[in-house]
Every structure is written in structure tokens, then in C-alpha cells.
Amino acid sequence: MKKMIPYMLILILVFYGLPLFIKETILAMIALLCLIPLITFIVSLLYGYKQIQWIIFPFVVGYLFLPTVFLFYNESALIYTFTYGGISFVGALIGHLLKKN
């Protein structure tokens, strides 16, 4: 779990810090649909590449994003909790497979 902390901190900064600077709806949609998924994928890819126990990380990503739905967005953004968890799973899996080869 300690090895997860640097990766979690990056995602916490993105999930909780980015919405603080967004003032317009269109920017929020761009962040939710493009920027946050890209950063989540890259961080998960790196985590999967560097860590052996990568399978739990996507669940942590989902749990990290969940409170932001109620803090910054509305309940219609709940789907992104599962979406970012899925993106994280794919990224961590690819990172893990790249390390094996």
C-alpha cells in the first residue's frame, strides 16, 4: 500500500485540484472526458509497470474519484467513477504486460 501513495497523490491532485480551476461547463466536460482519463491512464500504466500488485489500484482510483462527484459535480457524474476505474484497469494491465516482455 505504501508504494501506491505517490500515484494516489497525483490522482488526488488531479481529481480534487483540477475542478477548483474550472469555471465553465464546457471546460468541466473537457476535463471529465479527456484530461482526467488521460492522466488516469498514464499514472495507472506507470503503476502497472513498476508494481507487482497492480490489480487493486483500479479500485483505489474509483474510490478516490467517488467523493468528487458530490463535491464538484452531481450524481450524473457517478458513471465516471466506474469509467476511471476501468481506464485505470486497462492502463495498469498494459503496464504489467509491458513489464513481463
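Which residues does Ser88 touch, not counting residues up to four places away in sequence? The answer is Thr40, Ser44, Phe57, Pro58 and Val61, where contact means heavy atoms within 4.5 Å.

The structure is a predicted model, in which local features need pLDDT of at least 70 and side-chain atom pairs count only at pLDDT 80 or more, whereas totals for chains, interfaces and linings use all residues. Residues are numbered from 1 along each chain as its sequence is written, and side-chain values use heavy atoms, with hydrogens and water left out. The predictor's confidence in each residue, pLDDT, runs from 0 to 100. For this chain the mean pLDDT is 92, and 99% of the residues reach 70 or more. Confidence is highest in helix H1 (residues 5–17), at a mean of 95, and lowest in helix H2 (residues 25–50), at 92. Helices are DSSP runs of H or I with at least four residues, strands are runs of E with at least two, and both are numbered from the N terminus.

Two packed helices are described by the angle between their axes and the distance between the axes. H2 and helix H3 (residues 57–71) have axes 11 Å apart and pack at an angle of about 145°; the axes are lines fitted to C-alpha atoms, for helices over the stretch in contact, and angles run from 0 to 180 degrees between N-to-C directions. This crossing of H2 and H3 is right-handed, a term used if the near helix is turned clockwise from the far one by less than a right angle, with anticlockwise giving left-handed. H2 contributes Leu32, Thr40, Val43, Ser44 and Tyr47 to the contact, and H3 contributes Phe57, Val61 and Phe65. Of these residues, 6 are nonpolar, 2 are polar and none is charged. In this division Ala, Val, Leu, Ile, Met, Phe, Trp, Tyr, Cys and Pro count as nonpolar, Asp, Glu, Lys and Arg as charged, and the others, Gly among them, as polar.

Ser88 itself lies in helix H4. Ser88 counts as buried because its relative accessible area is 0%, buried meaning under 20%, exposed over 50% and partly exposed in between, with a 1.4 Å probe and protein chains only. The C-alpha atoms of Ser88 and Tyr47 are 9.5 Å apart, although 41 residues separate them along the chain. Ser44, located in helix H2, is likewise buried at 0% relative accessibility. Beyond residues up to four places away in sequence, Ser44 touches Phe57, Ser88, Gly91 and Ala92. Its C-alpha atom is 7.6 Å from that of Gly95, 51 residues away along the chain.

Val69 belongs to helix H3 and counts as buried, at 0% relative accessibility. Leaving aside neighbours within four places in sequence, Val69 is in contact with Asn74, Glu75, Ala77, Leu78 and Thr81.

The aromatic residues give a further view of the structure, which holds 11 aromatic pairs. Rings of Phe, Tyr and Trp (its six-membered ring) pair if their centres lie within 6.5 Å; planes under 30 degrees apart count as stacked, over 60 as edge-to-face and the rest as tilted. Tyr16 and Phe72 form an edge-to-face pair, at 6.4 Å centre to centre and 70° between the planes. This pair links distant parts of the chain, with Tyr16 in helix H1 and Phe72 in the loop between H3 and helix H4 (79–100), 56 residues apart. Tyr16 is partly exposed at 22%, and Phe72 is partly exposed at 30%. Trp54 and Phe89 form a tilted pair, at 5.6 Å centre to centre and 45° between the planes. Because Trp54 lies in the loop between H2 and H3 and Phe89 in helix H4, the pair ties together parts that are 35 residues apart in sequence. Trp54 is buried at 10% relative accessibility, whereas Phe89 is partly exposed at 35%. Ring pairs also link Phe15, Tyr16, Phe65, Phe72, Tyr73, Tyr80 and Tyr84 into a cluster.
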